[in-house]
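Subject: Structure handover

Hello,

I am passing this structure on to you. Please open it alongside these notes, which go through what was found.

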Amino acid sequence: MKAIVFHKPNDMRYENVPDPKLEANTDVILRVTSTAICGSDLHIYNGYFPQVENMVMGHEFMGIVEEVGKGVTKLKKGDRVVIPFVISCGSCWFCNHDFPTGCETSNPANYGPEGGILKEKGGGLFGFTNLYGGYSGGQAEYVRVPFGDIGPQLVPDDLTDDQVLFLSDILPTAYTALKWAEVKEGETVAIFGSGPVGLMAQKLARLMGASKVIAVDPLDYRLAVASRNGHATHTINPEKTDPVEAIRELTSGRGADVCIDAVGMEAKRTILEKASNIIHMQGGTSKVLETAMSAVRRSGRVSVVGVYGTKYDSFNLAQFFDKNITMKMGQAWVQNFNDELLGFIRSGKIRADDIISHRIAMKDAPKAYEIFNKKEDNCVKVVMTP
Ligand SMILES: NC(=O)c1ccc[n+]([C@@H]2O[C@H](COP(=O)([O-])OP(=O)(O)OC[C@H]3O[C@@H](n4cnc5c(N)ncnc54)[C@H](O)[C@@H]3O)[C@@H](O)[C@H]2O)c1
Ligand SMILES: [Zn+2]
Ligand SMILES: [Zn+2]
């Protein structure tokens, strides 16, 4: 079959790979009908997450069940499903306590309690390096999906692929961040990053009753998308306006009730900032998180879904303490929220597909990675068809 294969940083190829096979009786083989490129794929593309072997990319995908293992009871050939990027077994301690990202079963080679940089990671993720289980991803014609009775979510026929594809990641990721932050009616939510995750967070924050939703991003074309449908009430380009000052001005000097970091370690940096990060042996930067800590009010909540993959020594613990900040971060608890989110889509409360800027055939993915990475051609979200 054909797939998008990571060879080394900045080298994605469309090529032949062996067809996936059932490996356990709880596996499902899926024929992929739609798949997308995520900001998280860029961390691999840019070499922030190391991967030594070639790997089929992709953790945002959906399709039609082609084959089921003997132990799968809830799915049959022909079912149409969307797949969470988090691989959860459904029966270990963490899965039983609604922490699917902590699954003790899905990443046998590299799982552990420590959460180190190169070992003892969390549960398995599709197409996200050997650190997270070495699973082949869904930017492919076919993909093996483990624990077929647990992850795949059945999709009603009256909804198109575009409408539901983002249940695989960006929609539940944004919702996880807002749920962690316990957003309440009338609150001010500042969202750093107006990429796909930030844009979903803006929509959902409004749905949860936030009265002010402030979008922060250095790309004006993405801020335009943020305000296009009225999802963001205010937009700030941090290269033109100090976001901390602007957010305080909008909140009687106090700061936002909630700040969401939907950027992570690959935030845009000046040459000086890059040099400083290199001297301190830090992969990427924690600058957005630091800005969020300043922009949140005392006793406010900071939720971090932007990915960080290394240690940073500039974290201002004194500020964290003095301001009584609550912070929560990590991979999204996709499985916990997807039924509710599907309900939002069906009832028309949320529309996710209006952020798609590029629809391509999968063979064109190597070029699309380049465009999405460089933020060219007004690229927001690339969806492809195998
Ligand atoms: N935790 C999870 O489970 C999970 C799931 C999906 C994605 N993610 C992560 O979320 C982040 C965003 O993903 P995406 O797909 O939207 O990626 P993206 O790269 O399209 O978006 C990132 C956005 O951040 C903006 N940005 C850069 N520097 C900034 C700054 N200083 N201040 C404000 N904005 C800045 C960029 O211009 C861009 O629009 C990535 O780190 C991705 O890995 C995490
Ligand atoms: Zn993703
Ligand atoms: Zn588990």
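In helix H9 (residues 287-295), the buried residues are Val 288, Leu 289, Ala 292, Met 293, Ser 294 and Ala 295. Buried means under 20% relative accessible area, exposed means over 50%, and partly exposed lies in between (1.4 Å probe, protein chains only). Helices (H or I, at least four residues) and strands (E, at least two) are DSSP runs, numbered from the N terminus.

The helices are H7 (243-249) and H10 (317-322). The strands are S9 (188-192), S12 (256-261), S13 (296-304) and S14 (326-329).

**Ground rules**

This is a predicted model: local features need pLDDT of at least 70, side-chain atom pairs count only at pLDDT 80 or more, and totals for chains, interfaces and linings use all residues. Residues are numbered from 1 along each chain as its sequence is written, chains are lettered from A and ligands numbered from 1 in the order in which they are written, and side-chain values use heavy atoms, with hydrogens and water left out.

**Helix H6**

Helix H6 covers residues 220-228. Tyr 221, Arg 222, Leu 223, Val 225 and Ala 226 are buried in it. Their cover includes helix H5 (196-207) and helix H12 (365-374). Strand S10 (212-216) and strand S11 (234-236) are also part of that cover. Gly 230 follows H6, and its phi is positive, near 75°.

**H4 against H11**

Two packed helices are described by the angle between their axes and the distance between the axes. For helix H4 (residues 170-180) and helix H11 (residues 334-346), the angle is about 110° and the axes are 9 Å apart. H4 is therefore roughly perpendicular to H11. Axes are lines fitted to C-alpha atoms, for helices over the stretch in contact, and angles run from 0 to 180 degrees between N-to-C directions. Angles of 65 to 115 degrees count as roughly perpendicular, under 35 as roughly parallel, over 145 as roughly antiparallel and the rest as oblique.

Which residues meet? H4 brings Leu 171, Pro 172, Tyr 175, Thr 176 and Lys 179. H11 brings Val 334, Phe 337, Asn 338, Glu 340, Leu 341, Phe 344 and Ile 345. By class, the contact of H4 with H11 has 8 nonpolar, 2 polar and 2 charged residues. Ala, Val, Leu, Ile, Met, Phe, Trp, Tyr, Cys and Pro count as nonpolar, Asp, Glu, Lys and Arg as charged, and the others, Gly among them, as polar.

His 43 lies in helix H1 (residues 39-45). His 43 is buried, at a relative accessible area of 4%. Its side chain makes a polar contact with the side chain of Glu 266, at 2.6 Å. A polar contact is a pair of N or O atoms within 3.5 Å; within protein, one must be able to donate a hydrogen and the other to accept it, and residues adjacent in sequence count only if both atoms are side-chain atoms. Leaving aside neighbours within four places in sequence, His 43 is in contact with Tyr 48, Phe 49, Met 265, Glu 266 and Val 307.

Met 265 sits in the loop between S12 and helix H8 (271-279). Met 265 is buried too, with a relative accessible area of 1%. Not counting residues up to four places away in sequence, Met 265 touches residues including His 43, Gly 283, Thr 285, Tyr 308 and Tyr 312.

**Strand pairing**

An open sheet of 3 strands runs in the order S2-S1-S4, with antiparallel pairing. Strand S2 (11-16) and strand S4 (55-56) are the edge strands, each pairing on one side only. Two strands pair if DSSP finds at least two bridges between them. Strand S1 (residues 2-8) is joined to S4 by 2 bridges. Phe 6 stands opposite Met 55 in S4. H12 packs on the sheet and touches S1 and S2; its direction makes about 160° with that of S2.

Strand S6 (residues 80-83) is covered on both faces. Arg 80 and Val 82 are buried on one side, Val 81 and Ile 83 on the other. Strand S5 (residues 60-68) pairs with S6 in the antiparallel sense over 4 bridges. Phe 61 stands opposite Ile 83. S6 also pairs with strand S8 (residues 153-154), antiparallel, over 2 bridges.

**Positive phi**

Asn 10, in the loop between S1 and S2, has a positive phi near 65°. Glu 120 has a positive phi of about 55° although it is not a glycine.

Best wishes

Note on methods. Contact = heavy atoms within 4.5 Å.
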